[in-house]
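Please keep the sequence and the 3D view open as you read.

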Amino acid sequence: VPTSAGFVALMLAWTLVDGAFAGYVAARIGRRAPLPSALLVALTWMGLMIHSGWHAVPPWFLAMNVTVMAAGTIAAGAIPALRSARAS
């Protein structure tokens, strides 16, 4: 349960890095459709985070965490898509 601004910032930073890594890996594995692959991972993780944290953390923290994770996952998933578009 978040208790301080420092803890919240640390958790959100970790979630951003974790989501970005997952989005990049998903996009690299799904090379034919990198952005949809990252989006699928983001939606899956969002569902898992919401399901597991529904009663464990305050709703504002869960909403912030899910939003940051989805943003990181989709942004990192766009990197391989942009690279392949540039190469074409």
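Is Ala26 buried or exposed? In this predicted model, Ala26 has a relative accessible area of 11%; the cut-off for buried is under 20%, so Ala26 counts as buried.

Ala26 sits in helix H1, which covers residues 5-29. Setting aside residues up to four places away in sequence, Ala26 touches Ser37, Ala38 and Val41. Between Ala26 and Pro80 there are 10.0 Å in space, C-alpha to C-alpha, although they are 54 residues apart in sequence.

Let's turn to Ser37, which belongs to helix H2. Apart from neighbours within four places in sequence, Ser37 is in contact with Ala26, Ala27 and Gly30. A polar atom of the Ser37 side chain also lies 2.9 Å from the backbone oxygen of Ala33.

| Helix | Residues |
|---|---|
| H1 | 5-29 |
| H2 | 34-53 |
| H3 | 59-87 |

How do H2 and H3 pack, and at roughly what angle do their axes cross? The two axes come within 8 Å and cross at roughly 165 degrees, which means that H2 is roughly antiparallel to H3. Their crossing is right-handed. The residues of this contact divide into 18 nonpolar, four polar and no charged. On the H2 side they include Ala38, Val41 and Trp45, while Asn65, Thr73 and Pro80 are among those from H3.

Terms used. Residues numbered from 1 in each chain as written. Predicted model: local features only at pLDDT ≥ 70, side-chain atom pairs only at ≥ 80, totals over all residues. Heavy atoms only, no water. Helix = DSSP H or I, 4+ residues; strand = E, 2+ residues; numbered from the N terminus. Polar contact = N/O pair within 3.5 Å; in protein donor to acceptor, adjacent residues only side chain to side chain. Contact = heavy atoms within 4.5 Å. Axes fitted to C-alpha atoms, helices over the stretch in contact; angles between N-to-C directions. Parallel < 35°, antiparallel > 145°, perpendicular 65-115°, else oblique. Left-handed = near helix turned anticlockwise from the far one by under 90°. Nonpolar A, V, L, I, M, F, W, Y, C, P; charged D, E, K, R; others polar. Buried < 20%, exposed > 50% of the residue type's maximum accessible area, 1.4 Å probe, protein only.
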